[in-house]
Structures are given as C-alpha cells and as structure tokens.
Amino acid sequence: MKTKFTVTVHIDEKAYEVIYSFATPEQKKELEALDKADAEAVENYKKLNDKLEMLEDRKSTNAELIPLLEGPEKLEVLKEQRILLSEIEKLTPKVQKAAAVELNNKADEKRFEYLISGKDKDKLQADAKKNNFPMQVVMTDILKALAESKEKK
C-alpha cells in the first residue's frame with residue numbers, strides 16, 4: 001500500500017510539487033484535538049458575533065424610535081440606548097479577538113507541517129502566506145490534486 005503521494009498544486013501561475021503522506025497515529029490524535037479546538041473557536045466566534053448583531057439591531061431600532069417618542073417613554077429608550085452602546089463597546093473587541101482566533105486554523109497549519117514534504121513545501125508555504133491564503137485553502141487544494149491524481153490512475 002502506498003503511503004506517500006506526489007502532487008502538484010498551483011497558486012496563480014506557479015506550480016509546486018509536494019509529497020502528501022498519511023498521518024501517524026500520534027499525529028492523527030493531535031490533529032483531531034486541534035480540529036476540535038478550531039471548531040470550538042468557530043462556535044465561540046459565531047455566538048459572540050450573533051450577540052453583537054442583536055445588540056446592533058436593537059440599537060438601530062431604538063435610534064429610529066427615539067425621535068418618535070416623548071416623555072418617560074423616550075427617557076426609557078434613551079437609557080436602554082446608553083446601556084446598549086456600552087455593551088456593544090465591551091463586546092466588539094471580544095468579537096474581533098474571536099474572529100482572529102477563528103481564522104487562525106491551527107489544525108490545518110499543523111496538518112501541513114506533518115503531512116506535506118518535498119522540495120517545494122517551503123516555497124508553497126511562503127507564497128500562500130504572502131498571498132494571504134489560509135492554510136485550510138492550501139490543504140484543500142492539495143487534497144483535491146491528490147484525488148485527481150488517484151482518479152487518473
């Protein structure tokens with residue numbers, strides 16, 4: 001049974017020849033743990049972002065209501081608006097931090113490190129970084145090229 005496969009991946013017009021190898025049992029275990037942590041980061045980001053959107057919607061609705069209200073009702077909405085602004089101000093940095101963590105897919109970076117080798121590995125990694133391609137996209141392209149090469153055989 002073959003455990004290493006040579007594949008060619010392209011970024012723009014450049015071709016990179018790399019070797020894909022299967023993960024060892026220890027690597028598989030670590031990658032599964034990283035996948036779980038990445039999934040939790042995505043879920044955390046979604047929850048925080050949903051809450052921020054809800055607060056922003058409420059603030060927008062209140063902003064439309066304020067000119068139409070008078071007296072105690074207007075005062076209540078103004079108080080709520082102030083609270084909403086404070087909550088949005090506190091939540092925004094948390095959402096930004098969670099977004100950065102969510103985009104930093106550690107599992108695919110480690111997967112690339114463990115499973116990819118060959119003469120063009122470092123060039124591919126450097127060019128992907130230079131072009132702001134997440135490692136998830138690079139790994140998907142490698143797996144796609146691998147599948148295509150297997151179909152040809």
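A pocket is taken here as an open set of points on a 1 Å grid over the protein atoms alone, with protein on both sides within 12 Å along at least five of seven lines, and its lining residues have an atom within 4 Å of a point. Grid points are joined across faces, edges and corners, and a volume is the space filled by probe spheres set on the points. The structure is a predicted model, in which local features need pLDDT of at least 70 and side-chain atom pairs count only at pLDDT 80 or more, whereas totals for chains, interfaces and linings use all residues. Residues are numbered from 1 along each chain as its sequence is written, and side-chain values use heavy atoms, with hydrogens and water left out.

The second largest pocket holds about 190 Å³ of space. Eleven residues line this pocket, and Thr8, His10, Lys144, Ala145 and Glu148 lie nearest its centre. Strand E1 (4-11) and helix H5 (135-152) are the elements that give two or more residues to the lining; helices (H or I, at least four residues) and strands (E, at least two) are DSSP runs, numbered from the N terminus. The largest share, six residues, comes from H5. By class, the lining has three nonpolar, four polar and four charged residues, where Ala, Val, Leu, Ile, Met, Phe, Trp, Tyr, Cys and Pro count as nonpolar, Asp, Glu, Lys and Arg as charged, and the others, Gly among them, as polar.

The protein has five helices and three strands, which follow the order β-β-α-α-α-β-α-α from the N terminus. The radius of gyration is 24 Å, well over the 15 Å that the globule rule gives for 153 residues, so the protein is more spread out than a compact globule. This radius is taken over C-alpha atoms, and the globule rule is 2.2 Å times the number of residues to the power 0.38. The C-alpha trace spans about 80 × 35 × 25 Å along its principal axes. Of the 153 residues, 30% count as buried; buried means under 20% relative accessible area, exposed over 50%, and partly exposed in between (1.4 Å probe, protein chains only). Among contacts (heavy atoms within 4.5 Å) with a separation of 6 or more, 67% join residues 24 or more positions apart.

Asp108 lies in helix H3 (residues 106-115) and counts as buried because its relative accessibility is 9%. Its side chain makes a polar contact with the side chain of Arg111 at 2.9 Å. A polar contact is a pair of N or O atoms within 3.5 Å; within protein, one must be able to donate a hydrogen and the other to accept it, and residues adjacent in sequence count only if both atoms are side-chain atoms. Leaving aside neighbours within four places in sequence, Asp108 is in contact with Met135, Gln136 and Met139.

The loop between strand E3 (116-117) and helix H4 (121-130) contains Lys119, which is exposed at 66% relative accessibility. Asp120 is also found in the loop between E3 and H4, but is buried, with a relative accessible area of 8%. The side chain of Asp120 reaches the backbone nitrogen of Glu17 at 2.7 Å. Not counting residues up to four places away in sequence, Asp120 touches Ala15, Tyr16, Glu17 and Val18.

Asp12, in the loop between E1 and strand E2 (14-21), has a positive phi near 55 degrees and is exposed at 64%.

Conventions: 1 Å grid on protein atoms, 1.4 Å probe; cavity = no way out; pocket = protein on both sides within 12 Å on 5 of 7 lines; lining within 4 Å.
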